[in-house]
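Subject: Structure for you to look at

Dear colleague,

Here is the structure I said I would pass on. My notes on the fold and on the spaces inside follow below.

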Amino acid sequence: MDRVTRWTMAAAAASLTLAGCATDWSQQAGGAGAMSFFITSVGLGKGADLGGLEGADRHCQALATAAGAGARTWRAYLSTQGSGLPDTNVVHARDRIGAGPWYNAKGELIARNVEELHSPANNLTKQTALDERGRMVNGRTETPNTHDMLTGSRPDGTAFGPNPPFPDMTCGNWTKSGTEGSAMLGHHDRAGTVPHQWAVSWNSSHPSRGGCSQDALRSSGGAGLFYCFAAK
């Protein structure tokens with residue numbers, strides 16, 4: 001093998017190596033396995049008053065941007081309720097988060113699609129339900145316990161009936177921060193006081209107690225955190 005042939009083969013190998021590195025970087029930046037799901041590392045500080053769905057979405061987008069994932073369109077996993085019968089102007093959390101698949105900040109698959117996300121086959125656990133920086137969120141056995149996630153949703157990701165006559169499950173569609181109202185919460189760590197399905201649900205475990213304030217959410221094991229998904 002002459003010197004020119006050896007040089008040509010070496011250059012080709014180097015090109016393949018660089019191409020492989022570029023592919024890996026692309027996957028991290030926005031390709032397959034890039035972050036498309038996280039738990040907010042902090043709430044908005046006003047209990048369940050998130051400024052409505054728009055305010056919650058902005059919070060998701062801001063946190064994602066700070067983590068280097070702002071090129072995607074982020075949506076909060078939250079439902080709303082109608083203002084009474086027969087108001088059908090509601091939003092279902094499952095309808096606003098895109099089609100999937102979704103990955104956490106470490107590239108671990110959470111769910112392939114909406115149906116899998118709302119089935120026992122999802123991979124949403126304390127170890128995988130990470131914040132936007134890839135950190136685990138405190139669970140039921142830790143101090144402070146922050147495993148309560150705001151969702152306002154039923155187990156299948158749909159909204160509750162209108163308020164009234166049904167109870168408030170969305171803290172006034174995410175505008176209340178006082179002693180009135182309540183919000184349906186999920187347990188990101190899939191842990192509860194009893195081994196029933198509702199107690200270990202990631203998105204529909206129990207309502208908040210004592211209202212919608214930061215203190216009320218804290219009293220049952222929360223901090224006003226919620227799930228964010230990349231819809232696009």
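Strands here are DSSP runs of E with at least two residues, numbered from the N terminus. The model is a predicted one.

On that basis, β5 (148-150) and β8 (222-230) each give two or more residues to the lining of the largest cavity. β8 supplies the largest share of that lining, with four residues. The space in the largest cavity is about 30 Å³, and the count of cavities of 30 Å³ or more is one.

I also looked at the second largest pocket, which contains about 210 Å³ of space. Its lining consists of H118, S119, P120, N122, P155, R190, Q197, W198, V200, S201, W202 and N203. Here the classes divide into six polar, five nonpolar and one charged residues.

As for the fold, the protein has five helices and eight strands. Their order from the N terminus is α-β-α-β-β-β-α-β-α-β-β-α-β. Of the contacts with a separation of 6 or more, 65% join residues 24 or more positions apart.

Of the 232 residues in the protein, 45% are buried. The accessible surface is about 11300 Å², and carbon and sulfur atoms account for 56% of that surface.

Regards

How values were computed. Residues are numbered from 1 along each chain as its sequence is written. This is a predicted model: local features need pLDDT of at least 70, side-chain atom pairs count only at pLDDT 80 or more; totals for chains, interfaces and linings use all residues. Side-chain values use heavy atoms; hydrogens and water are left out. On a 1 Å grid over the protein atoms alone, a cavity is a set of points where a 1.4 Å probe fits but cannot get out, and a pocket is an open set with protein on both sides within 12 Å along at least five of seven lines; lining residues have an atom within 4 Å of a point. Grid points are joined across faces, edges and corners, and a volume is the space filled by probe spheres set on the points. Ala, Val, Leu, Ile, Met, Phe, Trp, Tyr, Cys and Pro count as nonpolar, Asp, Glu, Lys and Arg as charged, and the others, Gly among them, as polar. Buried means under 20% relative accessible area, exposed over 50%, partly exposed in between (1.4 Å probe, protein chains only). Contact means heavy atoms within 4.5 Å. Accessible areas come from the Shrake-Rupley method with a 1.4 Å probe; for residues, only the protein chains shown count as cover.
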